[in-house]
Amino acid sequence: MPVKSGSEYIERINQNLPDVWIGGERVQGPISEHKAFKGLMATQAAMYDMQHDSESQSAMVYSSPVTGHPVGLSYKQPKTKKDLVLRRQMMQSWANCHHGFLGRSPDYMNTAIMAFSAAAGVLKEKYPQYAANLKRYYEYCQENDITLSHVFIQPRAGRVTTFLRTFEEPETARVVEKNKDGIVVRGAFLLDTQGATSDEILVFPPPFSLSVDEESPYAFAFAVPSNLKGISYVCRESFVGGESSYNYPLSSRFEEMDTLVLFKDVTVPWDRVFVYGDENMASRLMEESHFHTHTGIQIMCKNIAKTEFLLGTIEMMVDACGLDNHDHIIEKVTEMIVAVETLKAFQLAAENGASIDRWGSMLPNKKPLLAANVYFQKMYPRLIEIIQLIGASNLMLILDEQDFNSEISDQLNQYLKSIDVDAKKSVQLSRLAWELSVSSFGGRQAVYERFFFGNASIVNKRLYNEYEDSRHKYVDRIKTFLS
Ligand SMILES: Cc1cc2nc3c(=O)[nH]c(=O)nc-3n(C[C@H](O)[C@H](O)[C@H](O)COP(=O)(O)OP(=O)(O)OC[C@H]3O[C@@H](n4cnc5c(N)ncnc54)[C@H](O)[C@@H]3O)c2cc1C
């Protein structure tokens with residue numbers, strides 16, 4: 001089966017009928033018609049349509065090594081620098097479509113499953129069946145253009161009980177039974193962004209080293225259809241303000257729902273198990289797949305699109321208010337320009353410094369990517385602060401589109417116009433800046449950028465550890481200098 005279209009994506013999700021809860025009620029009927037998911041799914045459908053559009057298709061797909069059908073380029077294992085460039089261009093096209101607001105656009109997990117599968121050799125000697133499962137699953141995802149979500153984290157209760165060992169019945173997610181059909185999993189995971197709008201879910205929590213047994217019930221990785229019996233998705237409050245793209249330019253289109261996923265004794269079939277029982281193997285697969293490096297390129301595409309979007313917005317705000325001759329305004333806009341250029345430079349450095357790893361993948365240079373993760377986590381809140389500092393009271397001028405159809409519209413048109421911008425367009429720009437920097441949608445984006453790849457300590461440590469050789473090299477240089 002070749003790449004899917006937008007309507008195929010929507011049809012498949014609607015037929016899937018996973019157990020989704022929102023506001024204490026189970027979602028009934030087609031997910032794509034529900035106000036919490038409608039805009040997001042329309043955006044993602046447009047992205048999938050780019051795989052069929054005659055103008056964009058050639059940049060979005062490649063020929064499947066298995067069937068020869070066109071399949072998504074973000075599934076492709078990069079083996080040359082040219083592959084890296086083509087993959088990056090494809091992912092940048094999708095990122096430009098959602099302007100960086102979809103952290104978990106499908107190319108993220110397409111890349112992840114490619115990375116895990118390429119490193120299946122880690123499992124091969126000890127667990128050849130799991131290695132084969134992983135390879136087969138990657139092929140299945142690629143050939144069927146599966147939309148995949150993931151969970152790597154558990155709620156705090158699960159983590160605390162592993163530390164304290166206080167409860168007889170630990171909350172930590174675990175395998176409670178093994179039988180001829182598969183492993184039976186009980187527990188909770190978070191945050192499954194897009195869990196309700198994906199075909200399947202990949203579950204791969206870090207093992208907690210709780211078990212001294214050889215076979216740890218806490219070490220597992222698997223992927224299953226999102227509608228498998230016993231799985232429930234509990235949505236947070238929706239941040240979609242409404243359907244109007246004038247009133248809610250961002251949340252009406254890009255509100256990715258985050259869910260808590262509950263596994264109530266779910267039987268995961270053996271052919272979908274990638275790791276079971278071996279904590280060391282679970283850690284090795286995560287580490288040696290270079291998951292963080294491969295997905296790092298997709299993340300950079302998102303961050304570049306998002307920062308360019310912020311820069312365009314702030315430039316319009318500055319022009320509309322005639323602020324471009326103030327030094328401190330220029331300084332703030334320049335901060336955004338530096339952010340865009342820095343991200344692009346990191347991206348190219350990672351690509352140019354790529355080398356072949358032991359799996360035959362052209363692996364981007366980790367250092368600039370990990371540095372970019374640290375940089376953007378700190379920079380994004382500052383970029384949003386700049387929108388607030390320049391936007392000021394305009395961020396509160398979020399009149400409704402309907403106000404311009406009311407009997408007071410003449411006065412609004414008179415008093416709310418800006419330089420070269422009529423009142424209605426000026427309020428529209430205010431609403432965009434408000435959604436970015438004040439709304440619950442904007443707040444969630446900021447929290448996302450701070451945590452989606454781990455908390456700041458973890459993100460810093462990844463770079464610090466990767467830099468060990470360089471750190472020692474520079475110490476030696478100083479020693480030589482001092483002597
Ligand atoms: C909007 C959003 C969407 C996400 N989507 C997904 C997804 O789809 N799939 C997925 O797997 N993950 C996702 N994540 C990431 C994941 O859910 C966690 O948020 C992330 O890993 C951070 O974990 P945490 O929230 O438990 O915070 P923690 O890591 O617990 O951090 C909270 C605070 O405690 C501090 N802290 C924690 N431990 C220590 C310690 N040992 N010593 C000192 N300080 C400590 C941290 O520094 C931080 O300040 C998402 C996150 C967000 C915010």
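Author: Six strands form an open sheet with mixed pairing, in the order β2-β1-β10-β11-β7-β6. Its edge strands are β2 (25–26) and β6 (174–178). The model is a predicted one: local features need pLDDT of at least 70 and side-chain atom pairs count only at pLDDT 80 or more, while totals for chains, interfaces and linings use all residues. Residues are numbered from 1 along each chain as its sequence is written, and side-chain values use heavy atoms, with hydrogens and water left out.

Reader: What joins β6 to β7?

Author: A hairpin connects them through three residues. The two strands run antiparallel and share four bridges; E177 has V184 of β7 as its bridge partner.

Reader: How do you know that domain 1 and domain 2 touch?

Author: The bounds, 6–281 for domain 1 and 291–482 for domain 2, come from an automatic or database domain assignment. Contact means heavy atoms within 4.5 Å, and 45 residues of domain 1 are in contact with 42 residues of domain 2.

Reader: What does buried area mean here?

Author: Buried area is the accessible area (1.4 Å probe) that two parts lose on being put together, summed over both. For domain 1 and domain 2 this is about 3800 Å², 63% of it on carbon and sulfur atoms. In domain 1, F101, Y108 and Y246 lose the most area to domain 2, together 20% of what that side buries.

Reader: Why is the meeting of E256 and R444 called a salt bridge?

Author: The term requires a side-chain nitrogen of Lys or Arg within 4 Å of a carboxyl oxygen of Asp or Glu. The side chains of E256 and R444 meet at 3.9 Å, N to O, so the pair meets the definition. Across the interface of domain 1 and domain 2, the rule finds three salt bridges.

Definitions and conventions
Two strands pair if DSSP finds at least two bridges between them.
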